[in-house]
Amino acid sequence: MTDEELRDELLRRMEMDQAMRDPAKGFPDDRQLARLQKLDEGNTAWLYSVVATRGWPLVSQVGHRAARAAWLLAQHATSHRAQRVFHEAMADAVEREEASPRDFAYLEDRVRVRSGRPQLYGTQFHDGVGGLEPMPIEDPGLLDERRAAVGLEPFAEYEAFIRKTEGR
């Protein structure tokens, strides 16, 4: 697969992913959730094979938009094992300035939460007693410093955004 073919396939898969997750369509019913699960499983298997044969899709290979698409597919991975592989591969790409540290922060938190560990960047929320609330955060006193280091807004702004979108 050429870099161009990889870019086109990443973008195609991202568009399908986002179309199925369109908040304007409302909360999905059981049939739609099953279709979404099948899409995520297919994307997880496909990205896993890409990473196994080529490594993480780098910005210099596929461009910023398609590199972001790879992150999005990793973020929605159905297999925790595959997601950890994506995390490791993307971490290397971030170190080489070939992937977004901001995007990686979301994947870092997703992997940590799925592993039962506190998140670092405060990107993951769950339904709590009073609505959405952040999953446990490691060393919350340094949260905004960590967020700023990867280009994320202060946590209070992000939390306000999450709460605002919850009311949709």
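The model on display is predicted, with local features requiring pLDDT of at least 70, side-chain atom pairs pLDDT 80 or more, and totals for chains, interfaces and linings using all residues. Residues are numbered from 1 along each chain as its sequence is written, and side-chain values use heavy atoms, without hydrogens or water.

**First stop: helices 3 and 5**

Select residues 59–75, helix 3, and residues 101–114, helix 5; their axes come within 10 Å and cross at roughly 10°. Helix 3 and helix 5 are therefore roughly parallel to each other. Next, display Arg68, Trp71, Ala74 and Gln75 of helix 3 with Asp103, Tyr106, Leu107 and Arg110 of helix 5, which make the contact (heavy atoms within 4.5 Å).

Rings of Phe, Tyr and Trp (its six-membered ring) pair if their centres lie within 6.5 Å; planes under 30 degrees apart are stacked, over 60 edge-to-face, and the rest tilted. By this rule there are six aromatic pairs. In one of them, Tyr106 and Tyr158 are edge-to-face, 6.2 Å centre to centre with 75° between the planes. This pair links distant parts of the chain, for Tyr106 is in helix 5 and Tyr158 in helix 7 (residues 155–166), 52 residues apart. Are these two tyrosines, Tyr106 and Tyr158, buried or exposed? Both Tyr106 and Tyr158 are buried (under 20% relative accessible area; exposed is over 50%, and partly exposed in between, with a 1.4 Å probe and protein chains only).

Move to helix 2 (residues 30–54) and helix 4 (residues 80–95), whose axes come within 10 Å and cross at roughly 40°. That angle makes helix 2 oblique to helix 4. Here Thr44, Leu47, Tyr48 and Val51 of helix 2 meet Arg81, Ala82, Val85, Phe86 and Ala89 of helix 4.

**Last stop: two loop residues**

Most residues other than glycine have a negative phi. Select Glu97, in the loop between helix 4 and helix 5; its phi is positive, near 60°. Glu97 counts as exposed because its relative accessibility is 72%. Finally, select Asp139, in the loop between strand 2 (131–134) and helix 6 (143–149). Asp139 has a positive phi, near 45°, and is partly exposed, with a relative accessible area of 43%.

How values were computed:
Axes are lines fitted to C-alpha atoms, for helices over the stretch in contact, and angles run from 0 to 180 degrees between N-to-C directions. Helices (H or I, at least four residues) and strands (E, at least two) are DSSP runs, numbered from the N terminus. Angles under 35 degrees count as roughly parallel, over 145 as roughly antiparallel, 65 to 115 as roughly perpendicular and the rest as oblique.
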